[in-house]
Amino acid sequence: MKKKSILLLLLFLYGIYSKAQETPTFDSQSIRLGFAIGPSFNLAKTYSSTLSPDLNALQIQKNSPVALKLSTSLVYNRNHNWQKVDKDGKPVGEPYKYPGKLSYVAVLNIAELSNGGLGLNKSIDGGIGLGLRIDPNFHVIGLFELTSDRQIRDYLRNDFENKSIPSGKDQVLNALDESDNRFFFSKPVVGFSLRFIYVFGKGTANIDNSKPLK
């Protein structure tokens, strides 16, 4: 009798486990933290500026509009009610919640690879976007970005390109300091980006034999 009771208990627990395995699982919070990486395209023209080593003449070069950016991200997916169904479309078990496909994303850029160099962002740059949840931990998004770039002032670029910049009596500027607001300013730059996001948490992606509930 005792062995029979233990066997029935084991069968009961196995049944519960089997049903749990059939129901997709995920971290229940709607907002999740992750990392995003992908190419970005700036719509505004930006320039880099240096002084030539021989005559301290101002050299201007147009920056590439394409960069590879690494960002932290917050991803929101609205949870929906789903129901497991059998082959005849009849409900099986209790309804459960699972995140929708549409992702709402906010990112904060932390590093950028562009124009042959890798730099950590010194200003608060980021964007917002919409995307598609591929599975519980992976998203693909399109992003609208607003960044800030230190640029040499227009009058210097227009009047002193390939020339020395006067600095006092009979002297010329021999170094450029981007923090000097007399010569540089912060230019807002609008761009678009495609990012691939990995969010932290655990979950299963299989929602076969399920249908969304209104």
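Good morning. Arg-32 is buried, at a relative accessible area of 9%; buried denotes under 20% relative accessible area, taken with a 1.4 Å probe and protein chains only. This is a predicted model, in which local features need pLDDT of at least 70, side-chain atom pairs count only at pLDDT 80 or more, and totals for chains, interfaces and linings use all residues. Residues are numbered from 1 along each chain as its sequence is written, and side-chain values use heavy atoms, with hydrogens and water left out.

Arg-32 belongs to strand S1, residues 31-42; strands are DSSP runs of E with at least two residues, and helices are runs of H or I with at least four, numbered from the N terminus. Its side chain reaches the backbone oxygen of Phe-200 at 3.0 Å.

Turning to the protein as a whole, it has 2 helices and 12 strands. From the N terminus, the order is α-β-β-β-β-β-β-β-β-β-β-α-β-β. Of its 214 residues, 31% count as buried.

Which residues make up the largest nonpolar core? They are Leu-51, Leu-58, Ile-60, Ile-152, Leu-156, Ile-165, Leu-173, Phe-183 and Phe-184, 9 residues in all. A nonpolar core here is a set of buried Ala, Val, Leu, Ile, Met, Phe, Trp, Tyr and Cys residues joined through side-chain atoms within 4.5 Å. Apart from this core lies another, of 8 residues, including Val-75, Val-107, Ile-141 and Ile-197.

Finally, Leu-58: leaving aside neighbours within four places in sequence, Leu-58 is in contact (heavy atoms within 4.5 Å) with residues including Leu-51, Ile-152, Leu-156 and Ile-165.

Conventions: Buried < 20%, exposed > 50% of the residue type's maximum accessible area, 1.4 Å probe, protein only. Polar contact = N/O pair within 3.5 Å; in protein donor to acceptor, adjacent residues only side chain to side chain.
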